[in-house]
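Please read the following remarks alongside the sequence and coordinates. They begin with the chain as a whole and then turn to one helix and its surroundings.

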Amino acid sequence: MTVSRVINSESNVRDETRAKVTASIKTLRYSPNLAARSLASAETVHIGILYANSTAAYLSELLLGSLEQSSLMGCQLVLEQCQDLESERKAVQRLIAGGVDGVILPAPLCDSEDALKTVASAGIPAVLVTSGRPAPGFSAVSINDFEAAREMTRHLLSLGHRRIGFINGHPGHSASGQRFRGYMEGMTEAGLAVGADQVAQGFFTYRSGLEAAERLLTNSFNPTAIFASNDDMAAATMAITHRKGLDVPRDIAIAGFDDTPLATMIWPELTTVRRPISNMAREAVRLLVEQIRAKRSGVPQPVVHKLLNFTLVKRESTAAQVSKRRAKS
């Protein structure tokens, strides 16, 4: 009890005793456990994180950032997974019934009207971790996917590529539309038309990337570069090019999006857009805790859209075209 009084700067401790306790704290390098203190004072903040259809790399980065920030702020996380619309609705309801004070909705749930309506009707704060356009009325943490995709397209153009193929992301994700718009804008700026045969539909999965890359490399377009909407599909594209006997980047340049650990696990290492997923998760937790505490205090909290910076990471998978070798079927 005496140590607690000293740590909390209470006045009913003698100076001599305070000095001894302070010296002991310094010697032992003691630091208070914020989460334990919150539990003891019945002020714990419970945050729900709902996730679905996430790649392993994205999910690990999201959870890492969330766990680190929640530990710093003395709050606890409750995770729920869902696979479809019905399980999504039930997962949100379980979080709410479990007494969470607020919810974080990463992609693709940040685009789900059903999830957003369920959270809104429960009257609890929510923060979206998104790369597309945030839903009205919700605080969100995002990057500018349009600008990021346009910058990557400009990079490929600066290397002399003109026949640039594109693998789109999941059509149900708002981020996919933003990245496609950025690619189209970059091509339009260069005075280049985009035909249907140079865009293939993917779903942010490795398997869909294999199928999309196969289509791009066996039709009449004959790309010298392919820009995939995420690293998983870019890695799949690289696998297809290797199977066809093409050299990356001498015969064809490949670029991705996200800069997940996969980008440096493949050969050659991938040029990609670094999306700071862990930092986005940290900021989402921070914003949500602020909203929860403001709600408890009866203070209105405005909607906040936090835009984080992206980085174009140039690695060995892109270079100026030096070969006119045609892809093998």
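1. Among contacts in the chain between residues at least 6 apart in sequence, what percentage join residues at least 24 apart? With contact taken as heavy atoms within 4.5 Å, the share is 74%. This is a predicted model, in which local features need pLDDT of at least 70 and side-chain atom pairs count only at pLDDT 80 or more, while totals for chains, interfaces and linings use all residues. Residues are numbered from 1 along each chain as its sequence is written, and side-chain values use heavy atoms, with hydrogens and water left out.

2. The chain has 11 helices and 12 strands, defined as DSSP runs (H or I, at least four residues, for helices; E, at least two, for strands) and numbered from the N terminus. Of its 329 residues, 50% are buried, meaning under 20% relative accessible area with a 1.4 Å probe, protein chains only.

3. Four strands form an open sheet in the order β7-β6-β8-β9, with parallel pairing, where a pair requires at least two DSSP bridges. Because β7 (199–201) and β9 stand at the edges with a single partner strand each, one side of each is left without a neighbour in the sheet. Three bridges join β8 to β9, and Ala225 stands opposite Ala253 in β9.

4. Helix α10 (residues 231–243) packs on this sheet, touching β6, β8 and β9. Of its 13 residues, 10 are buried, among them Met233, Ile240 and Thr241, and the buried residues also pack against α9 (206–218) and β10 (272–274). Just after α10, Gly245 takes a positive phi of about 80°.

Note on methods: Axes are lines fitted to C-alpha atoms, for helices over the stretch in contact, and angles run from 0 to 180 degrees between N-to-C directions.
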